Amino acid sequence: MENQIEEDDEERGERKLGLEQLPTALLATIMAKLDMASICSVASTCRTFKSCASHILTFLPTVHLLDVAPSMDLLAPLLPPNHYLNSLKVDCCRLDDSAIQHFVRPSLQELFLHNCNDFSGKLLFEIGAQCRDLRSLYLGSVSDKRGRAIHISDLEELLRGCQELETLYLMFDVSTFLRHNFARAWTLASEKLTSLEISYISSVMVTELLSPTAGPDQFLQHVQPSVLPNLQKLNLSVDYITDTMVSTISQNLTTLTHLDLRDAPIIEPRVTFDLTNNGLQHINQHGKLKHLSLVRSQEFLVTYFRRINDLGILMMSDKCSSMESICLGGFCRVTDTGFRAILHSCSNLYKIKISHGIQLTDLVFLDISATPLALTHVGLRWCNLLTNLAVTHLTSNLDLTVLDLRDCRSLGDEALLAISALPKLASLLLDGSDISDAGISYLKERASTSLTSLSVRGCKRLSDKCITALLGSGGGSSKPVLQELDLSNLPNLTDNGVLLLAKSRAPICELRMRQCPLIGDTSVMALASMQVDDERWHGNSLRVLDLFNCGRVTALSFRWLKKPYFPRLKWLGVTGSVNRDMVDALARSRPYLHVACRGEELGTGLWDHSDSFYSYDNEEMDELERYILDGNDDISDEEMADVDDIDELEE
């Protein structure tokens, strides 16, 4: 008996010797190699690990908080004084100027601040004053909220202070600055700047910024120093793409390799405010351009580049033979002759995107196999004259990984048969095409090997059978690799189809089913119970779920959207009118869930500028949210229960 007691004591002693008994320095070394979510996961297990986590936050070189939008109270403990911090990324939609002191650190080399709506120009000023070693800066939606403003002196301080800056994203409207002041400010910019993106600027401001003389009369006698002499990448959204602007960019930015211009006119542009054949001739004057994008958006007005025809494209293609990527949108007068010239002139082309090519036909692709092209990315959106024949010839490029055929309404099952032969295809978009359930079955092999993203939005002929045709019944030996699936606007998709999807155990991370009138509460319950593998409890992997305007979703579904269901969900689209109180209660119970009720598109892709900004973790719970909430979920669950009770009483 005594021996047994001694053995039990030894076993208990051995059980006490866990990882927490390791030296603190060793634990810190191990934990410092983890990302923020994993660190918070470990910290929630015991006091020793929590203390160690608090310690390593004082020397962690990278902190990325884009999956959640922390409040000031939650941000402060995650950003203690840290002289080693060189990369910081934060979603700032719940923050204001009071958080600036936590962001601006002399050690930073990379700073990404998204959704800075409630910040003033002070943010730019303080970054310029204190972040002298900054190499990369992203600022999104600064001062978008009424009452906030950015003064030109704030921009000047930013550009003057950050003389090591190489990459700059100003994702807000800069057209509010006086033109001559704005141009003068950029003479202070770092000569090391190689990449610049501005979300909105007038074409006249661009021209004046890059022109060799200053704007107003009192400055005409002074020659500006060379502006942005080493710029290689320029991405601008402007009011109008004009000949003058394109000519100025091409002439003055001698090192440019990437040019991306997009406009969205609110009125039909006059000839002096438009791009013509003459403007296209000036592109790539210095012969270094590798990537070109010229897109006229129809966001506000159905309009095109009406002053450009085949002649302009032919002259441009002669100068762009070394191009690797070309994107053209809204060239309504360009015919097969112009588009074919691009394919046959640019032998190094691996990416081509054409949208609103209303005169583009199959003839362009009939002899594509005779070219030396090795295309990997092809986008042909709103090209309604294309048929299955074009896709059949296009698929001779066996290296294709991304194929965007949205709104090519004449494409059918024959095109899918040809596409199924692409061994490396990872992303396929077929919105609005004339495909059927039988055609989808051709993609079954791809869905289990390479196809990770598929969109069939608005393909009216599809029904529940397309799920089985694509993913099988869930009992096969090959497991689907599909992670993103868009089934929106399918009038024949029902709850039975979603049950089949759940049964397939596909590792879906993003599922969109907006505007599906037959989708209801049963679908939500099936997805909540979905397991990816046998070792998970509530193993649902969804991070994006769009149920906006699904006809049969009621208040009952919101009970299944509470924790512990959908543990990794970050974006949810619902119809707010279903039950406004329930939506509000859900938002309070899961404060780091983005709940959209107005029909906006969901996901991080809308503002993600780097493949590394987001990474899917495989943990059961969202560790970062769990850590910073620190056990406050019970209160919110009670709120949800109160709303349930009110609904029952009303019934």
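**Close-up views of a predicted model**

View 1. With a relative accessible area of 12%, threonine 276 is buried (buried means under 20% relative accessible area, exposed over 50% and partly exposed in between, using a 1.4 Å probe and protein chains only). This is a predicted model, in which local features need pLDDT of at least 70 and side-chain atom pairs count only at pLDDT 80 or more, while totals for chains, interfaces and linings use all residues. Residues are numbered from 1 along each chain as its sequence is written, and side-chain values use heavy atoms, with hydrogens and water left out. Threonine 276 sits in the loop between β8 (258-263) and α12 (277-281); helices (H or I, at least four residues) and strands (E, at least two) are DSSP runs, numbered from the N terminus. Setting aside residues up to four places away in sequence, threonine 276 touches Asp243, Val271, Arg307 and Ile308, where contact means heavy atoms within 4.5 Å.

**View 2. Alanine 264 lies in the loop between β8 and α12.** Alanine 264 counts as buried, at 19% relative accessibility. Beyond its neighbours within four places in sequence, alanine 264 is in contact with Val238, Asp239, Ser297, Glu299 and Phe300. Threonine 303 is 39 residues from alanine 264 along the chain, yet their C-alpha atoms are separated by 8.6 Å.

**View 3. The largest nonpolar core holds 176 residues.** Such a core is a set of buried Ala, Val, Leu, Ile, Met, Phe, Trp, Tyr and Cys residues joined through side-chain atoms within 4.5 Å. Phe103, Ile127, Leu155, Trp186, Leu228 and Ile419 touch the most other members. Helix α19 (residues 465-471) supplies the largest share of this core, five residues. A second, separate core of five residues includes Leu66, Phe112, Tyr138 and Tyr169. Back at leucine 228, the contacts are Trp186, Ala189, Leu193, Leu196, Leu209, Leu210 and Leu253, not counting residues up to four places away in sequence.

**View 4. Helix α4 (residues 47-56) has its buried residues on the same side.** Those buried residues are Phe49, Cys52, Ala53 and Ile56. They cover an arc of only 105° around the axis, so they lie on the same side of α4; the arc is that of the directions from the helix axis to the C-beta atoms.

**View 5. The structure holds zero disulfides.** A disulfide here is a pair of cysteine sulfur atoms within 2.5 Å. For cysteine 162, which is in no disulfide, the nearest cysteine sulfur is that of cysteine 131, 6.4 Å away. Cysteine 162 is buried, with a relative accessible area of 1%.
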